[in-house]
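This report sets out selected features of one protein chain, arranged by region. Please consult the sequence and the structure alongside the text.

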Amino acid sequence: MKERGGGMERKTPQSSSGDFTYVHSNPRAHRFNNGTLVLSDVEETDAGSYLCQASNGIAAGLSKIITLQVLVPPTFKEPFQTKTVTEESNTTLRCIATGHAPIVITWQKDKSLIDISKRGRFSIRDIADSRQTMSELQILKTHRNDTGTYSCSAVSDIGTDEAMIQYIVQGRSDSPTDISIVNVTSRSVTLQWEVRHDGNSHVTGSVVQYQSISDSSWNGQTSQLIVSGSDNLATLRALSPVTLYFIRIVAENALGHSAPSEVVNVTTAEEAPSGSPRDVQVHSTGAQSMKVSWKPPPDDVTNGVIKGYYIGYRISSTSEPYIFKQVEKSAEGQQQSTYITGLQPFTKYDIVVKAFNSAGAGPKSAKITGKTLETAPPTSPVVQIAGSTKSSIDIKWEKDPKDKSAITGNII
């Protein structure tokens, strides 16, 4: 502002009538020798009446009052805000703009104008006076999809301003999905999963629940593995071989646990039997053969389907390794048996039996000892009737020519 004269005084709107103060030069107000007053970077406090007086000492001086009105454009008190709420709550976003009225405030979400006629949960209320305008955006039963960047724009005849509100609605995370089995062994299962949305709150961990019974309530024999942080890979250990397991996963964030994932089923792999055959017995059947019989291991140690057995034998009191004969499992009940042939006459043999499945062989049974016969049993002789009377019969017999055994006697 410029005004020519010999002196300049100012009266603010808050001053009493006739009360003017002298205007001194300062960084924003500079008086020139010719009476010009220049105001830089005008502020609202500069508004008021300015008195310019001029005199030359000859006649009455001259004076003039100039009224300065400073028009203030809209300015938001808080140009940026962050607000975090939980789902299903009611919340209010508030923008306050100062400046000369009238000021019109509009709302946008992610740079799109908010049309409250299409958003049943949204409402806007404006409160204005001569000094400021306040606009409130109310959101009922917030949903995490309401999360976004909200902006309020203030417009007047003098200028514009904009404020931003980063609005975050937090809730429980989504249920884990895309569960896949990465690896399966007889005692472990490795799986991974995804949490597509964390509910706008960092996932702090997951709980892998598993059980070997189909219990929809999951209140029975349920085990669980806690996975920390945002890891989405876990290995369940100490499982039982050839067992069907039911698995589900729950994600957790600061708001609590998510709903459980869908249940996935997985069966662990077979493992070599952990028990040996039972009731192993041996019977001599000749000078070069023995019959070995046994029963399968108990069901809880077979760790799979028994395919067959290994029958091991060696001469007693030696350190020689066992010679094993493989025998397929017999489908005829529990009792299993086989013959070992090609042995030495009148010799003691140690006998062991191992069961095997598709994963391998189990432990040996306790050692038992059998002994072959000295010679092979004789065959039956050829018997003939030589004669007979009323009270007697004469019989005769001959040794089978093919029988090489040493016969020590006959029993009639």
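The model discussed here is predicted, and the distances below are computed from it.

Asparagine 232 is located in the loop between β19 (223-228) and β20. A polar atom of the asparagine 232 side chain lies 2.9 Å from the backbone oxygen of tryptophan 193. The side chain of asparagine 232 also makes a polar contact, at 3.5 Å, with the side chain of glutamate 194. When residues up to four places away in sequence are not counted, asparagine 232 touches Leu191, Gln192, Trp193 and Glu194.

From asparagine 232 to serine 317 the separation is 85 residues in sequence and 58 Å in space, taken C-alpha to C-alpha.

## Threonine 243

Threonine 243 occupies the loop between β20 (233-236) and β21 (244-253). Is this residue, threonine 243, buried or exposed? Its relative accessible area is 18%, so threonine 243 is buried; the cut-off for that class is under 20%.

A polar atom of the threonine 243 side chain lies 2.9 Å from the backbone oxygen of proline 241. Beyond four places in sequence, threonine 243 touches Ser212, Val266, Thr267 and Thr268.

## Serine 316

Serine 316 is found in the loop between β26 (308-315) and β27 (323-328). With a relative accessible area of 13%, serine 316 is buried.

Which side chain makes a polar contact with the side chain of serine 316? The partner is aspartate 350, at 2.7 Å. Leaving aside neighbours within four places in sequence, serine 316 is in contact with Lys348, Tyr349, Asp350 and Thr369.

## A nonpolar surface patch

Val383, Ile385, Ile393, Ile395, Trp397 and Ile412 make up a nonpolar surface patch of about 660 Å². Two elements, β32 (382-388) and β33 (393-398), each give two or more residues to this patch. The most is given by β33, with 3 residues.

Tryptophan 397 belongs to strand β33. Why can tryptophan 397 be called partly exposed? The reason is its relative accessibility of 35%.

## Annotated domains

The unreviewed UniProt entry assigns "domain: Ig-like" to residues 73-166. In the model, this span is 0% helix and 59% strand, and the C-alpha atoms at its ends lie 24 Å apart.

The UniProt record, again an unreviewed entry, lists "domain: Fibronectin type-III" for residues 175-271 and 276-375. Residues 175-271 are 0% helix and 48% strand, with end C-alpha atoms 34 Å apart. Residues 276-375 are likewise 0% helix and 48% strand, and their end C-alpha atoms are 33 Å apart.

Conventions
Residues numbered from 1 in each chain as written. Predicted model: local features only at pLDDT ≥ 70, side-chain atom pairs only at ≥ 80, totals over all residues. Heavy atoms only, no water. Patch = residues over 30% accessible without salt bridge, like charges linked within 9 Å, V, L, I, M, F, W, Y side chains within 5 Å. Areas by Shrake-Rupley, 256 points an atom, 1.4 Å probe, with all protein chains shown as cover. Salt bridge = Lys/Arg side-chain N within 4 Å of Asp/Glu carboxyl O. Helix = DSSP H or I, 4+ residues; strand = E, 2+ residues; numbered from the N terminus. Buried < 20%, exposed > 50% of the residue type's maximum accessible area, 1.4 Å probe, protein only. Polar contact = N/O pair within 3.5 Å; in protein donor to acceptor, adjacent residues only side chain to side chain. Contact = heavy atoms within 4.5 Å. UniProt positions renumbered as here; feature names shortened; annotations may be inferred.
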